Amino acid sequence: MGRARKRGMDYFPVDVNLMDSTEIKVLTAKFGTEGFYLYMFLMCRIHLGGYYLEVSEDFVSCAAVDTRLKEKTVVDMIELMCAKRLFDRELYEQYHILTSAAIQETYLDLSLIHISEPTRPRLIS
């Protein structure tokens, strides 16, 4: 029997100038290093599952436990990340998912290298 098709990625690229971006500096100014930590936590969860992450109340509770943050802080940080366009605000508000055009482009690029065809439809054109 063949190996089951893997969903998601084992890694994702990170820009070497990420820490110089205004968005990350504002996030860190408002929430300290925990803000950046949650951002990277979310990016890992997104890429682990493909190119988006469903944000339910249960997810927020689990993320708070995993990151040792308060649930309200997790929500406040996510809202700031959306406001600063680290994630697509419209998709977060309408569908409670975190993604961005850049995340989806990365997924498609890596899918072409590692997977014969993407396993999820594209959300942002």
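Leaving aside neighbours within four places in sequence, which residues is Ile-78 in contact with? They are Leu-38, Leu-42, Val-55, Tyr-92 and Leu-98. The model is predicted.

**Nonpolar core**
- The largest nonpolar core holds 36 residues.
- Leu-38, Tyr-39, Leu-42, Ile-78, Met-81, Phe-87 and Leu-98 touch the most other members.
- At least two residues of this core come from each of helix 1 (22-31), helix 2 (33-49), helix 3 (57-67), helix 4 (71-83), helix 5 (89-95), strand 2 and helix 6.
- Helix 2 gives the largest share, 7 residues.

**Helix 2 against helix 4**
- The two axes, of helix 2 and helix 4, come within 10 Å and cross at roughly 80°.
- Angles of 65 to 115 degrees count as roughly perpendicular, so helix 2 is roughly perpendicular to helix 4.
- Helix 2 makes the contact with Glu-34, Gly-35, Leu-38, Tyr-39 and Leu-42.
- Helix 4 brings Val-74, Met-77, Ile-78 and Met-81 to the contact.
- By class, the residues of this contact are 7 nonpolar, 1 polar and 1 charged.

**Thr-99**
- Thr-99 sits in the loop between strand 2 (97-98) and helix 6 (101-114).
- The relative accessible area of Thr-99 is 0%. Buried means under 20%, so Thr-99 is buried.

Note on methods:
Residues are numbered from 1 along each chain as its sequence is written. This is a predicted model: local features need pLDDT of at least 70, side-chain atom pairs count only at pLDDT 80 or more; totals for chains, interfaces and linings use all residues. Side-chain values use heavy atoms; hydrogens and water are left out. Helices (H or I, at least four residues) and strands (E, at least two) are DSSP runs, numbered from the N terminus. Buried means under 20% relative accessible area, exposed over 50%, partly exposed in between (1.4 Å probe, protein chains only). A nonpolar core is a set of buried Ala, Val, Leu, Ile, Met, Phe, Trp, Tyr and Cys residues joined through side-chain atoms within 4.5 Å. Contact means heavy atoms within 4.5 Å. Axes are lines fitted to C-alpha atoms, for helices over the stretch in contact, and angles run from 0 to 180 degrees between N-to-C directions. Angles under 35 degrees count as roughly parallel, over 145 as roughly antiparallel, 65 to 115 as roughly perpendicular and the rest as oblique. Ala, Val, Leu, Ile, Met, Phe, Trp, Tyr, Cys and Pro count as nonpolar, Asp, Glu, Lys and Arg as charged, and the others, Gly among them, as polar.
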